[in-house]
Amino acid sequence: MVLKIAWRNVWRNITRSLVVMGAIIIGIWSIIFLVGMVNGMIESYIDNAIKNEVSHIKIHHPEFIKDKESKYYITEIANVKAIIDTISGVKAVSYKTITNTMISSSHSGRGISTIGINSKDEIHVSGVSQHIVEGNYLTDTKKNQILISKRTAKKLKVKLRSKVVLTFQNLENEITMGAFRVVGLFETGNNIYDESVVFVRQNDINNLLGMNGYGHEVAILIDDLTELESVQKRIANLFPDLLVRNYKEVQPELGLFQSQIKMVGIIYMVIFMLALIFGIINTMMMAVLERVRELGMLMSVGMNKTKVFLMIVVETLLLAIIAAPIGLFLGYITTHYFHKTGINLFFYSEEGMKQFGFDKFIYPNVPTETFWQLVVAVSLTALLGSLYPAWKAIRLRPVEAIRGSFTSDKTRIFTRIINFINNKLLNRKLK
Amino acid sequence: MSLITIKGVTKTYNPKKIPVHALRGIDLTIEEGEFTAIVGPSGSGKTTLLNIIGGLDRQTDGEVFVDGVNISDLSDNRLIDFRKKKIGFVFQSYNLIPVFTAAENIGFIMLLQNKSKDAIASRVSDLLKSVGIEEQRDKRPSQMSGGQQQRVAVARALASKPKFVLADEPTANLDSKSTADLLDIMENLNKNEGMTFVFSTHDQRVIDRAHRIVTIEDGKVIRDESVE
């Protein structure tokens, strides 16, 4: 019976009900879309970072991360790679030589990190080969090839086939230099990263450093991210003298971003709930005040307060139950569509997005739990929003309500204040 | 034992500041099967008395016995239950549930009493017939005239087979024809089924049909006469 009255009451004032339901639908849709966008952006940032910079797991000499000096190398690094290759769950492995360098052209120079790579292995681990925008990737045919970013090329005022000079300290702490020819220009979409690295063949840089067979870093990609910690542990057990870190340890902000995805969703939900709860209270209070006479009749003829209370609560919940699936569905199809096509954020601010390491296209992605969280949040909001109007309804006195009069607590307080002013202040003035 | 017994009932509004004495010591008994009109000018206290008899309001002093129960002793919740079982209400402005049809409005109180669907359907059909609005059964209040709505209200009041019906100015919003029809219905129910009716009214058309007229003025019963 309570459900029947509540259901009919929902459709009693269609405009008002549609306004509340519209607010719920738009709220849910916008949360799903916003969570999807933020999630997509963070995933894009993390993916880019993993693909271009950090990989899933990295191995270094323990001292190397404190002071990136060439002397902190890993010996027999090819053997290390070969052993890691055999570990289950490992997708690809590469090793590199990294050294701080001064890169100079005939026009200018700047500090940069030179990464010596084994070009064939690196293709499977980092994405630099996919970001060549001019020229070619490193090949085994010629010595002293270098890949620099388009931004670095612009700053050094060099172009393809130009020569640049790399200057650095070798293992004997002597200043060494080598001339390299630009064979390709890359652009990863992350300006900061692009301006901080150049790529050369590992053999070339090792010859100059005098550390053949050595390297500074082993980069590993794994098949399944859920296995990250276990694969890391297996590798660490095999190489107890080396420092084995996952991407969250290498760049703690990546782990922080990942954990913040959930927090962002919850923050949006709380803001939405706060906005919605006032809308619901307002609407349901209007519904109660509009029906004072009817509520008085219901209580007069024997509807107890519990049922009156439930009637208002159920009516509010019904509004949410009708609107929530629509909002969830619209949110799902919108994010699903854009997950396929992507949203071009460079259209909005190309330089700004590149500066922060985001991809050109963002692919909104909404975790399944967000949908469940929204269902709970909306139900809870509707329930909380209905409590005050329902409480107001049961506070009505049938004998007053039946005549359509409703003396609210506020009115009583207001009347008391007015009486107090009249009695105390005005009378005193008159005296 | 009388159906309704009122002993020394007083009602004072706003007793601490500016007291308004609505009832000043009412003694009254109403027997089963009576067709009684409580009459008096506006502000005389007739609606207040009806509210107290119906358990919608509480007296300041005195006692009210309905069907042998001192309703002054009942808690709010038990009073709600008592009203549901023993008393039928007809209000001046009908007060039907606008989202329910005539049949649903009539069956509503039986739903509150957890009666079976079959019992409700059968009782609703009987009542629609007895108040002469069978054709309106699926219409909502907004689709019916005032007279038809008040007939639904009477049928609703009778649905739970109460001990008596309290009707507060039931004809105040009705035209002459509707008033006459409604009074016919109520009089027939009184004669044929022995239903007790207590009205508050200052409508002469109702007073003319009443079997007993209790006149109140300034919160006191000044006349109590039976009409043959």
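Helices (H or I, at least four residues) and strands (E, at least two) are DSSP runs, numbered from the N terminus. This is a predicted model: local features need pLDDT of at least 70, side-chain atom pairs count only at pLDDT 80 or more, and totals for chains, interfaces and linings use all residues. Residues are numbered from 1 along each chain as its sequence is written, while chains are lettered from A and ligands numbered from 1 in the order in which they are written.

**Exercise 1.** State how many helices and strands chain B has, and describe its overall dimensions.

*Solution.*
- Step 1. Chain B has seven helices and 10 strands.
- Step 2. Its C-alpha atoms fill a box of roughly 50 × 40 × 35 Å along the principal axes.
- Step 3. Take the radius of gyration over C-alpha atoms; the globule rule is 2.2 Å times the number of residues to the power 0.38. For 228 residues, a compact globule would have a value near 17 Å, and chain B agrees because it has 17 Å.
- Step 4. Call a residue buried if 20 or more other C-beta atoms, placed from the backbone, lie within 10 Å of its own, exposed if 12 or fewer, and partly exposed in between. In chain B, 46% of the 228 residues count as buried.
- Step 5. Two residues are in contact if their C-beta atoms, placed from the backbone, lie within 7 Å. Among chain B contacts between residues at least 6 apart in sequence, 69% join residues at least 24 apart.

**Exercise 2.** Trace the partners of strand β4 of chain B.

*Solution.*
- Step 1. Two strands pair if DSSP finds at least two bridges between them.
- Step 2. β4(B) (residues 61-66) runs antiparallel to β1(B) (residues 4-13), with five bridges. Here B:V66 stands opposite B:I4.
- Step 3. β4(B) also runs antiparallel to β5(B) (residues 69-70), with two bridges. Here B:F65 stands opposite B:N70.
- Step 4. The hairpin of β4(B) and β5(B) has two residues between the strands, and B:D67 takes a positive phi near 50°.

**Exercise 3.** Describe the side of chain B that touches chain A.

*Solution.*
- Step 1. The contact takes 18 residues from chain B and 17 from chain A.
- Step 2. α2(B) (76-86) and α3(B) (102-112) each supply at least two residues of chain B's side. α2(B) gives the most, with five.
- Step 3. Count Ala, Val, Leu, Ile, Met, Phe, Trp, Tyr, Cys and Pro as nonpolar, Asp, Glu, Lys and Arg as charged, and the others, Gly among them, as polar. Chain B's side then has 11 nonpolar, three polar and four charged residues.

**Exercise 4.** Is A:N282 buried or partly exposed?

*Solution.*
- Step 1. A:N282 is found in helix α10 (residues 252-290) of chain A.
- Step 2. A:N282 counts as partly exposed because it has 13 C-beta neighbours inside 10 Å.
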